[in-house]
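Subject: Structure handover

Hello,

Here is the structure I promised to pass on. Please open it and keep it in view while you read my notes below.

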Amino acid sequence: MTTGDLAARQAALVAALVAGAPPPPGFAPGPLAAARTALLRKRAGDVARHWPLLAAALGPSWPGVFAGWAADRPTNGSLRDGWDLARHLHDRGELPALGADELATREATTRYDGRNPPRRRRAPALGRAGGAVAGQLAGRVRLLRPAPRPAVDPAPRRARPTPGTAGSRVWISD
């Protein structure tokens, strides 16, 4: 086996693990799929460390949303992966309010075109995403307007006592 053959086989394996390419010849699909899933889970954790509000806003669905988006995309680094995912969700109208706040803040402080590495902004700037507006002036960032939050019932309703129980609570047991 030549060095070129080995390099081509290694590239095919890496593409299958991180970019959604088909399994290369000689590799069992089951263990390869398990390794790919573990790598996507690890990658989701790394992105969540750079984009904590986005991950928190998506809650328990975060790993699935991230894995669905990242399954056929090679990584560009955790910061850029989170940025690309946030923009993707924003474009689809699925960016949660906390994620919009975080994206607007990033857009105000840093330039990122989706291809080149992010660079700090030096001039005053505004960032907008999902109704959120953040401003950056002299290196300080303020969230000028947070993204609209869904309406929440202000007080949970209390269970009303069952008529005829004289104030006692009804307990249901198995």
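The protein chain has six helices and five strands. Keep in mind that this is a predicted model. Along the sequence, the order is α-α-α-α-α-α-β-β-β-β-β.

Some totals for the protein chain come next. The chain has 174 residues, and buried residues make up 29% of them. The accessible surface is about 11700 Å². Carbon and sulfur atoms account for 58% of that surface. Now take the contacts between residues at least 6 apart in sequence: 50% of these join residues at least 24 apart.

**Two helices that meet**

Two packed helices are described by the angle between their axes and the distance between the axes. How do the axes of α2 and α4 cross? They come within 9 Å and cross at roughly 110 degrees. Angles of 65 to 115 degrees count as roughly perpendicular, and α2 and α4 are therefore roughly perpendicular to each other. Which residues meet here? From α2 come L40, R43, A44, V47 and A48. From α4 come W62, F66, A67, W69 and A70.

**Aromatic rings**

A pair of aromatic rings is described by the distance of the centres and the angle of the planes. Pairs need ring centres within 6.5 Å. By this rule there are four aromatic pairs.

Start with W51 and W83. Their ring centres are 5.9 Å apart and their planes stand at 70 degrees, so this pair is edge-to-face. The pair links distant parts of the chain, 32 residues apart. W51 sits in the loop between α2 (29-50) and α3 (52-58). W83 belongs to helix α5 (residues 78-91). Are W51 and W83 buried or exposed? Both are buried.

Next, look at F66 and W69. The centres of these rings are also 5.9 Å apart. Here the planes are at 50 degrees, so the pair is tilted. Both residues are in helix α4 (residues 62-70). They are three residues apart, which means about one helical turn separates them. F66 is buried, with a relative accessible area of 0%. W69 is buried too, at 6%. Recall that F66 and W69 are also among the α4 residues that meet α2.

Now go back to W51. Ring pairs link W51, W83 and Y112 into a cluster.

Best wishes

Definitions and conventions. Residues are numbered from 1 along each chain as its sequence is written. This is a predicted model: local features need pLDDT of at least 70, side-chain atom pairs count only at pLDDT 80 or more; totals for chains, interfaces and linings use all residues. Side-chain values use heavy atoms; hydrogens and water are left out. Rings of Phe, Tyr and Trp (its six-membered ring) pair if their centres lie within 6.5 Å; planes under 30 degrees apart count as stacked, over 60 as edge-to-face and the rest as tilted. Helices (H or I, at least four residues) and strands (E, at least two) are DSSP runs, numbered from the N terminus. Buried means under 20% relative accessible area, exposed over 50%, partly exposed in between (1.4 Å probe, protein chains only). Contact means heavy atoms within 4.5 Å. Accessible areas come from the Shrake-Rupley method with a 1.4 Å probe; for residues, only the protein chains shown count as cover. Axes are lines fitted to C-alpha atoms, for helices over the stretch in contact, and angles run from 0 to 180 degrees between N-to-C directions. Angles under 35 degrees count as roughly parallel, over 145 as roughly antiparallel, 65 to 115 as roughly perpendicular and the rest as oblique.
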